Amino acid sequence: MAKQPSVCVVGSINMDLTVTTKKMPMQGETVLGDNFFTYPGGKGANQAVAAARIGANVNFIGAVGDDPFGKTLLKHLENESINVDGVTTVSSAATGIANIILSENDNRIIVASGANLLVTPELVEQNLNQIKKSDMVLLQLEVPMETVLYTLEVASRYNIPVIVNPAPYQPLPDALLERASYLTPNELEVESMKKDPLFEKIQEKVIVTQGSQGVQFFENSVKKHMPSYSVDVQDTTGAGDTFNGVLATELARGSAVEKAIQLANAAAALSVTRIGAQGGMPLKDAVEKFLLERKNSE
């Protein structure tokens with residue numbers, strides 16, 4: 001039996017406060033919404049759940065507030081079989097939240113980081129063993145940049161590959177671009193990355209998610225494109241996080257880049273068929289069944 005891949009996620013944990021509406025409000029406009037939901041979220045937690053559901057042994061390093069949202073989110077991660085020994089509970093900040101408006105198959109999101117800003121290099125250092133025993137480390141930019149850079153430094157020291165999902169986008173230090181094994185921007189984020197003088201040197205480790213246009217990537221120095229799958233879209237929130245969690249797991253499992261991307265691409269397609277960032281994240285059996293059905297229908 002193949003070894004279960006181990007993925008360490010250092011990242012954010014939020015409660016998503018989601019409103020659905022038929023019309024996206026303009027500046028200064030008030031509209032009536034249809035429904036309100038609370039869902040577990042945060043890019044780090046989303047990616048951890050996606051990785052766990054696809055078959056990874058996931059260790060999480062992060063922070064929540066000493067409040068009801070924090071308690072609920074920790075219990076949720078535990079129920080997803082994610083090890084939360086590296087998640088600290090702080091009294092000096094509230095649990096992070098994301099305010100999400102869903103309308104016409106699109107979303108607008110405002111994040112209040114809260115406890116996620118207290119995911120420090122010191123916290124990573126305290127949980128060094130979780131990184132050292134990992135096959136892959138997964139990072140995003142909803143925690144302080146100094147923590148991202150420190151995690152990259154530690155992983156580099158122990159020759160552990162790292163995926164950096166550069167979202168929400170901000171200027172990327174040279175050390176991040178150089179030390180990341182893979183970078184997974186979306187089509188907007190990669191345009192900002194291209195302005196960096198280092199981009200040409202590191203572009204072969206850039207995997208670009210392009211929504212309905214699929215995924216662009218390099219394999220053996222050859223630029224490739226994988227088309228997306230046509231599905232009934234309910235909510236695009238978390239599609240990129242699903243892609244990253246599954247990609248990290250499959251690469252940690254030892255899959256070739258193209259195969260890992262194919263599985264991640266299919267998982268992301270399935271994830272948008274249900275509401276909630278984590279609501280539609282599929283199990284591996286569902287992804288493999290989806291791929292088989294698509295292959296048979298060609």
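Modeller: Just after helix H1, Gly55 takes a positive phi of about 125°. Helices (H or I, at least four residues) and strands (E, at least two) are DSSP runs here, numbered from the N terminus. This is a predicted model, in which local features need pLDDT of at least 70, side-chain atom pairs count only at pLDDT 80 or more, and totals for chains, interfaces and linings use all residues. Residues are numbered from 1 along each chain as its sequence is written, and side-chain values use heavy atoms, with hydrogens and water left out.

The end C-alpha atoms of H1 are 17 Å apart, which agrees with the 16 Å that its twelve residues should span at 1.5 Å a residue (the expected span is 1.5 Å times one less than the number of residues). Twelve of the twelve residues of H1 are buried, so this helix is largely enclosed by the rest of the structure. Buried means under 20% relative accessible area, exposed over 50%, and partly exposed in between, with a 1.4 Å probe and protein chains only.

H2 (residues 68-79) has twelve residues and reaches 17 Å from its first C-alpha to its last, close to the expected 16 Å. Its buried residues are Gly70, Leu73, Leu74, His76 and Leu77. They cover an arc of only 160° around the axis, which puts them on the same side of H2; the arc is that of the directions from the helix axis to the C-beta atoms. On the other side of H2, Pro68, Lys71 and Asn79 are exposed. Just after H2, Ser81 takes a positive phi of about 65°.

Two of the covering strands, E4 (residues 57-65) and E5, pair in the parallel sense over six bridges (two strands pair if DSSP finds at least two bridges between them). Asn59 has Asn83 in E5 as its bridge partner. Both strands belong to an open, parallel sheet of six strands in the order E5-E4-E1-E8-E9-E10. The edge strands, E5 (83-90) and E10 (182-183), each pair on one side only.
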